[in-house]
Amino acid sequence: MPTDVEKWKSETYGNEIREHLMEFAEGGWESIPEDEHDAWFERFKWWGLYHQRNGQESYFMMRIGTPNGVLTPGQLRVVGEIADEYARGPGENPEFGAAYCDWTTRQSIQLHWIRLEDIPDIFEKLEANDLSTQQACGDSWRNIVGCPVAGKDSNEFVDALPVAMNLHDTFKGDDDHTNLPRKWKVSVTGCREGCGQGDINDLAFEPAEKDGRKGFNVRVGGGLARNEPRLARDIDVFVEPEDANEVAGGMSALFREHGNREDRYSARIKFLVDEWGTEKIRDVLQEEFVDFELETAGEDLRDEYTYNSGRATGGHHDHVGVHEQNDGNYYVGLNVLVGRMGVDDTLELADLADEYGSGEVRLTQRQNVLVTDVPEEDLDDLLAEPLLEDYSPDPHPFMRGSIACTGTEFCSLSIVETKNRQVRYARWLKENVELPDGVENFHIHLSGCTASCAQPQIADISLRGMKTRKDGEAVEALDIGLGGGLGEDPRFADWVGQRVPADEVPGAIGNLLASFEERREGEESFRDFVERSDEETLEVLIEPEETSYEDPYMHNTKLTWYPYAEEDSMDDSPAPASADGTPITSDD
Amino acid sequence: MAVSLRTLDDGAWVSVEDERRVGASELWYVTGVCDCEVADFVVEGITDVDVDGRTIAAETYGTCIRCGRSVTTDPVPVGRLVDGAFEPLAAEAVRIPWGDSVGWQVSPVSGTSGDD
């Protein structure tokens with residue numbers, strides 16, 4: 001029997017949701033019939049709006065999709081201005097202030113505390129500047145990701161940017177691909193480093209060559225969520241750039257027709273690839289969904305992949321730093337700790353991008369931002385700007401390697417507080433823990449739950465929300481995984497540390513790194529060390545320990561209306577609220 | 001009277017009458033899901049919701065933080081309907097999954113809340 005979500009989607013979905021959204025915006029929160037909340041909140045996701053968690057009723061997270069992470073000149077300022085005007089809620093974050101922008105691991109933007117009544121104005125401003133929230137969430141084509149310097153990379157194999165943009169233009173708003181069984185995540189990579197992270201996407205175009213022609217090999221069925229991580233699998237197809245749309249549309253249609261609509265937990269295409277195998281996927285794609293003869297795979301570049309690989313050798317692992325572009329200009333990759341920037345900093349960055357570059361800014365899958373098109377003669381002046389002290393192009397590895405998801409601040413699924421905690425972890429580790437010689441990249445990803453929004457399984461140290469009891473009290477805790485990474489031979493982390501109280505995690509990392517240094521063979525990377533060690537040994541090397549690190553979020557942050565509020569109990573919640581922020585009382 | 005029940009947001013909630021009433025990521029005391037007398041169970045996700053008479057139950061997956069076992073559970077009671085309104089179970093209730101018997105005890109059994 002189809003799920004309720006499928007029933008709601010069959011009644012109203014896709015572009016037509018917008019009209020209803022505008023009507024509800026006019027009437028305010030209370031105009032949504034109480035017995036239709038579930039249906040409308042589910043549908044609103046298609047337009048990038050996700051209702052915030054318990055205690056924050058009437059407030060929404062808004063996601064803006066930026067294909068391939070590209071913000072064209074002027075767009076960053078627009079996003080900053082919208083955040084400044086509309087993303088201020090009743091709670092203030094102690095690290096980031098009252099309004100901020102989140103740069104996500106899918107090169108998108110998230111704003112919080114958005115009110116329904118402000119949606120028309122926000123949409124008008126976004127669309128006047130060629131930005132949109134369309135299909136940023138929901139069961140459809142999500143933001144298309146790729147190497148964030150596609151088209152500008154001096155070492156690029158094939159320009160993937162036109163392919164990504166073409167997919168975006170074709171499949172955003174296309175009624176035939178509006179309603180899929182679940183989310184559909186697509187990656188297009190054209191660089192030699194594997195920066196598109198195709199391995200963890202539903203559909204991946206990866207750089208390849210066949211008979212002297214440059215194009216892409218196709219992989220299908222990658223993903224990290226729900227304790228069921230899969231690497232995308234090779235379906236033995238080579239496609240030239242001009243045919244990518246047809247193959248992508250064919251795969252999307254195959255998923256639409258054959259994906260599981262009875263059980264949302266089994267709906268992702270990774271499970272269909274498990275069930276059918278790659279040969280059948282290819283056969284059905286060919287026979288039912290593509291009009292031309294598919295070519296067999298070409299020669300790929302995977303042995304050159306370095307991005308987020310955890311290996312010590314060659315290539316770049318992220319886009320932080322100063323790098324030459326293919327036109328002789330430079331891009332400057334700024335480290336944004338846990339991907340969050342206050343609005344004042346966002347607007348300042350927009351000014352700097354205008355002043356020193358073309359005004360374009362790009363977002364990476366490691367939650368960082370790049371200022372592009374900077375002439376060589378302006379580099380020193382840009383690097384001397386005070387803003388770059390906080391968002392350094394040459395950060396300490398613990399700052400550079402940190403990624404965190406949204407956590408219990410807003411998310412219903414998360415088990416623990418994440419962003420502020422990871423900020424504190426990174427600062428403490430920087431001050432108190434030495435990395436072994438030559439280790440310049442060290443990735444620590446903190447995800448609040450098994451949904452894996454922080455991509456924990458592909459980090460050197462993977463942290464995942466859990467709980468435990470300490471001195472009889474339930475406290476926030478983390479499971480610890482080790483040795484994940486992409487690259488030529490991608491590998492998911494082994495979860496070897498269980499239920500470590502959150503305040504003992506920095507000590508555990510410090511002890512683990514000390515053991516790594518002691519046992520390290522030559523210049524080997526942490527990932528190599530993990531791979532040659534057995535699980536029992538690694539488990540012993542994780543020694544949780546209380547240190548000078550203090551964690552203010554050990555209580556159950558999920559049971560607060562907002563974890564950082566002075567009066568944080570659910571009863572103190574000012575939600576739901578009307579357009580001006582006035583709480584709506586139940587006796588109204 | 002028909003009551004609307006469903007899971008929402010990728011298993012984050014049990015919704016009763018279009019209201020998010022029971023959330024994932026909480027700690028429940030549950031019997032029979034691992035070798036512990038009473039599991040101290042972190043609900044990582046809710047996969048389905050069911051009803052038997054007035055009792056509403058959720059199928060979940062999660063981890064016992066005493067023994068570390070990760071399990072998928074039979075329906076575990078989360079609350080009941082009283083005069084048409086949903087009453088959630090108290091946090092300290094011990095929940096007995098369906099398959100054993102339907103129900104719960106109001107107080108934790110001894111030794112369930114220590115750091116043993």
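Trainee: How many residue pairs in polar contact are counted between chain B and chain A?

Mentor: In this predicted model, the count between chain B and chain A is 20 residue pairs in polar contact, both residues being at pLDDT 80 or more. On the side of chain B that touches chain A, the elements giving two or more residues are β1 (5-8), β2 (13-16), β3 (19-23), β4 (27-30), β5 (39-52) and β6 (55-64) of chain B. Of these, β5(B) gives the most, with five residues.

Trainee: What makes up the side of chain B that touches chain A, by class?

Mentor: That side has 13 nonpolar, nine polar and 12 charged residues. In terms of contact, 34 residues of chain B meet 34 residues of chain A.

Trainee: What is the area buried between chain B and chain A, and what share do carbon and sulfur atoms give?

Mentor: The buried area is about 2,700 Å², and carbon and sulfur atoms give 47% of it. Within chain B, the residues that lose the most area to chain A are B:Asp10, B:Asp18 and B:Glu44, together 22% of what that side buries.

Trainee: Why is the pair B:Asp40 and A:Arg469 called a salt bridge?

Mentor: The side chains of B:Asp40 and A:Arg469 meet at 2.3 Å, N to O. The cut-off for such a pair is 4 Å, and 2.3 Å is within 4 Å, so the pair qualifies.

Trainee: Which residues are linked in a network of salt bridges?

Mentor: The network links A:Asp4, A:Asp38, A:Glu42 and A:Lys45 of chain A with B:Arg6, B:Asp9, B:Asp18 and B:Arg20 of chain B. One of these, B:Asp18, is also among the residues of chain B that lose the most area to chain A. A:Asp38 and A:Glu42 are among the buried residues of α3(A).

Trainee: What makes helix α3 of chain A mostly covered?

Mentor: Eight of the eight residues of helix α3 (residues 37-44) are buried. They are A:His37, A:Asp38, A:Ala39, A:Trp40, A:Phe41, A:Glu42, A:Arg43 and A:Phe44.

Trainee: Why does the salt bridge of A:Arg302 and A:Asp199 tie together parts that are apart in sequence?

Mentor: The closest N and O atoms of A:Arg302 and A:Asp199 are 2.9 Å apart. A:Arg302 lies in the loop between β11 (299-300) and β12 (321-324) of chain A, and A:Asp199 in the loop between β7 (186-188) and β8 (203-210) of that chain, so the pair ties together parts 103 residues apart in sequence. Both A:Arg302 and A:Asp199 are buried.

Trainee: What do A:Asp551 and A:Arg421 tie together?

Mentor: The side chains of A:Asp551 and A:Arg421 meet in a salt bridge at 2.8 Å, N to O. A:Asp551 lies in the segment after α17 (535-541) of chain A and A:Arg421 in helix α14 (residues 419-432), so parts 130 residues apart in sequence are tied together. A:Asp551 and A:Arg421 are both buried.

Trainee: Why is A:Asp494 called partly exposed?

Mentor: A:Asp494 has a relative accessible area of 27%. Buried requires under 20% and exposed over 50%, so a value of 27% places A:Asp494 in between. Its side chain meets that of A:Arg491 in a salt bridge (2.8 Å, N to O).

Trainee: Where is A:Glu488 found, and with which residues is A:Glu488 in contact?

Mentor: A:Glu488 is found in the loop between β20 (473-482) and β21 (494-501) of chain A. Leaving aside neighbours within four places in sequence, A:Glu488 is in contact with A:Arg302, A:Asp303 and A:Tyr305. At 43% relative accessibility, A:Glu488 counts as partly exposed, because exposed would require over 50%.

Trainee: How do you know that helix α15 of chain A is close to the expected span?

Mentor: Helix α15 (residues 505-519) has 15 residues and reaches 21 Å from its first C-alpha to its last, close to the 21 Å expected at 1.5 Å a residue. This helix is mostly covered, with 11 of its 15 residues buried, including A:Val505, A:Ile509, A:Leu512 and A:Phe516.

Trainee: How many helices and strands has chain B, and what percentage of its residues count as buried?

Mentor: Chain B has zero helices and 11 strands. Of its 116 residues, 55% count as buried. Among contacts in chain B between residues at least 6 apart in sequence, 39% join residues at least 24 apart.

Technical notes:
Residues are numbered from 1 along each chain as its sequence is written. Chains are lettered from A and ligands numbered from 1 in the order in which they are written. This is a predicted model: local features need pLDDT of at least 70, side-chain atom pairs count only at pLDDT 80 or more; totals for chains, interfaces and linings use all residues. Side-chain values use heavy atoms; hydrogens and water are left out. Contact means heavy atoms within 4.5 Å. Buried area is the accessible area (1.4 Å probe) that two parts lose on being put together, summed over both. A polar contact is a pair of N or O atoms within 3.5 Å; within protein, one must be able to donate a hydrogen and the other to accept it, and residues adjacent in sequence count only if both atoms are side-chain atoms. Helices (H or I, at least four residues) and strands (E, at least two) are DSSP runs, numbered from the N terminus. Ala, Val, Leu, Ile, Met, Phe, Trp, Tyr, Cys and Pro count as nonpolar, Asp, Glu, Lys and Arg as charged, and the others, Gly among them, as polar. Buried means under 20% relative accessible area, exposed over 50%, partly exposed in between (1.4 Å probe, protein chains only). The expected span of a helix is 1.5 Å times one less than its number of residues.
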